[in-house]
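Subject: Structure handover

Hello,

Here is the structure for your files. My notes on it follow below.

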Amino acid sequence: MSDNGEVKVARTAGFCWGVKRAIDIAMNTAKNTDGPVYTHGPLIHNPQAIEMLEGKEIFALKDASTLEKGTVIIRTHGVTPEVRRGLKERGLTINDATCPLVAKVQGIIKKHAHKGYHTIIIGDAGHAEVTGLMGYADGRSHVIGAAEDVDALPPMDKVCVVAQTTCDIQKYGVIVDAIKLKYPEAVVAHTICDATEERQEEVLKLAREVDAMIVVGGRNSANTGRLAQIAGEAGAETFLVETEEELDPAAIVRFARVGITAGASTPAWMIERVKERVEHLRGRKRAGFGAKIKAAAELAVVSNISLAAGAALMTYANCTLTNTDFGWRAGAIPAMYLFSMYVLNQINDMQSYKNNEPEKMRFYLKRSGPMNMAALLSAAGGFALAASLGMQAGGVYVVAMILGLGYTVKWFPKWKVIRIHRLKDIPASKDVFVGLGWGAVTVLIPALGQQGEENPNLLAIAFIFTFTLVYIRSVLSDIRDINGDRLVGRETIPILIGNEGTKVFLALIVVGLATMLVSAAMSGLAGPFAYVLLLSIAYTALYLWFYHKRIISRGLRFDLTLDGVFYFTGALAIIWTAAA
Ligand code: SF4
């Protein structure tokens with residue numbers, strides 16, 4: 001559970017792995033298919049996520065029985081064998097996103113049905129998963145939702161019991177006891193999935209610690225409804241909302257401690273939007289000094305002013321490492337360039353901010369005019385300053401601008417085989433371009449401004465150092481944003497190699513960077529300040545570990561910690577220079 005002041009967000013809130021897998025399958029299918037892709041019923045029970053999928057030409061059909069051609073994705077809940085056969089007979093291409101855990105339950109029912117067993121399914125009659133499971137029971141299935149329903153079951157000699165994977169764990173135990181009383185020989189398969197169990201256990205614990213629980217998720221989602229029910233029964237005032245717009249401000253500010261959880265089909269960005277709205281409402285209620293400091297810090301982060309200041313400090317550190325003179329222009333150019341690039345790209349790419357950083361999106365929606373103007377002036381001012389350092393510095397600035405601004409421009413026609421027509425379409429390219437931009441303005445331009453006194457080896461070391469710190473920061477943000485990015489089809493490193501693979505990859509990069517600095521210092525390529533910069537690498541390793549342990553996960557603390565590496569590195573250089 002991540003504790004954010006008085007707002008606690010359940011660790012298990014949001015997409016389970018079965019849903020993540022289904023979205024990956026759907027996105028890959030859409031990418032490799034000409035024309036629309038259909039899902040047999042909504043892929044997941046979340047209207048906002050379904051809306052996003054429609055934007056990617058993935059449409060939910062109530063049922064695909066009338067579809068004559070095309071590609072159909074079977075959703076996480078699975079379908080009956082008859083439905084599957086029907087889709088095949090009509091020549092439709094089927095991509096199966098049935099959760100493997102649901103498929104396992106189907107297999108259990110099928111195996112026992114072949115041996116003549118009757119199947120009792122503990123779950124919600126009419127739910128898509130249950131309907132699919134019934135199809136494997138050779139017509140001998142009974143769906144029950146309460147212990148009282150057992151009385152109405154007919155006499156049966158061979159009984160197999162399974163549960164809907166998202167069944168209420170408490171209720172399940174009571175119902176199984178009742179079944180065992182009536183059918184002592186019943187074969188009981190515990191089929192509630194681990195993700196569901198963990199989520200329910202956590203909501204029970206959290207609901208007992210807080211005064212109010214907000215459960216985020218689709219009203220048509222059984223597991224979301226179940227979480228709300230468990231929270232309510234545990235004594236917390238419970239609100240089930242699909243979006244942050246549904247929060248009642250007057251109701252929320254009444255409670256001292258608020259908990260948030262979400263169903264397995266709720267995207268992380270929706271949870272974040274609800275959390276930010278709750279914090280915003282509660283922040284408005286409090287108006288103390290601490291709240292003002294927090295608001296100022298939020299403004300600095302959201303507007304990218306904090307990042308611009310970090311860039312100036314990072315430049316100072318690079319100048320210290322490369323023995324370059326640091327003048328005010330050397331600090332102002334990267335600050336102005338990076339401020340303008342981040343602001344302009346954020347305004348141009350509002351869709352992903354809507355998903356991943358809703359407060360940022362709201363900020364830019366309200367102030368897009370003045371922020372656009374400030375960014376353009378800043379870009380132009382940065383260029384004027386770079387040009388004043390000489391032709392080469394001005395040239396590097398222009399190239400960096402073209403790459404930074406042209407990232408989302410359609411440079412190439414869309415080929416059928418290679419679907420890359422913008423730099424943005426190159427998989428995992430964003431982080432590389434961001435790192436290159438930082439390296440260009442914080443290392444190359446100040447050195448080129450010195451006109452001929454630069455040491456290429458030192459420049460290369462500083463460039464790699466800066467590129468790597470920025471790259472790690474950027475990829476970690478991608479891990480945070482993986483759900484939102486998935487839905488807009490952005491191919492980041494975590495989407496390509498998975499969250500855990502990315503963490504290992506980042507850890508290896510940290511080790512590689514430390515090795516490079518030590519080797520450079522030991523071989524005399526770099527001065528002893530290179531050893532000091534190992535502390536910046538330690539800082540980076542620490543925040544990666546914090547993220548891994550969920551000590552930081554999102555929001556202001558996350559942003560400040562990540563931007564902090566530039567401040568920390570700059571501070572090391574200032575102390576080093578002062579001590580020299
Ligand atoms: Fe699979 Fe469990 Fe997620 Fe359902 S809740 S999709 S069974 S992992």
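Which residue stands opposite Ile144 in S8? Ile122 does.

Before the rest, two remarks on how to read these notes. This is a predicted model, in which local features need pLDDT of at least 70 and side-chain atom pairs count only at pLDDT 80 or more, while totals for chains, interfaces and linings use all residues. Residues are numbered from 1 along each chain as its sequence is written, and side-chain values use heavy atoms, with hydrogens and water left out.

Sheet with S7 to S10

Strands and helices are DSSP runs numbered from the N terminus (helices: H or I, at least four residues; strands: E, at least two). Two strands pair if DSSP finds at least two bridges between them. This open sheet has four strands in the order S8-S7-S9-S10, and the pairing is parallel. Its edges are strand S8 (141–144) and strand S10 (187–188), each of which pairs on one side only. Strand S7 (residues 118–122) is joined to S8 by four bridges in the parallel sense.

Helix H4 (residues 100–114) packs on the sheet and touches S7, strand S9 (159–163) and S10 (contact: heavy atoms within 4.5 Å). The direction of H4 makes about 170° with that of S9; axes are lines fitted to C-alpha atoms, for helices over the stretch in contact, and angles run from 0 to 180 degrees between N-to-C directions. Helix H6 (residues 169–182) also packs on the sheet, touching S7, S8, S9 and S10, with its direction at about 150° to that of S7.

Sheet with S3 to S6

Here four strands form an open sheet in the order S4-S3-S5-S6, with parallel pairing. Strand S4 (58–61) and strand S6 (93–96) are the edge strands. The twist averages 30° from one strand to the next. Strand S3 (residues 37–40) pairs with S4 over four bridges, and Tyr38 has Phe59 in S4 as its bridge partner. Helix H1 (residues 17–31) packs on the sheet, touching S3, S4, strand S5 (71–74) and S6.

Ligand

Around the ligand (a heavy atom within 4 Å) are Cys16, Trp17, Gly18, Cys99, Leu101, Thr165, Thr166, Cys193 and Thr196.

Regards
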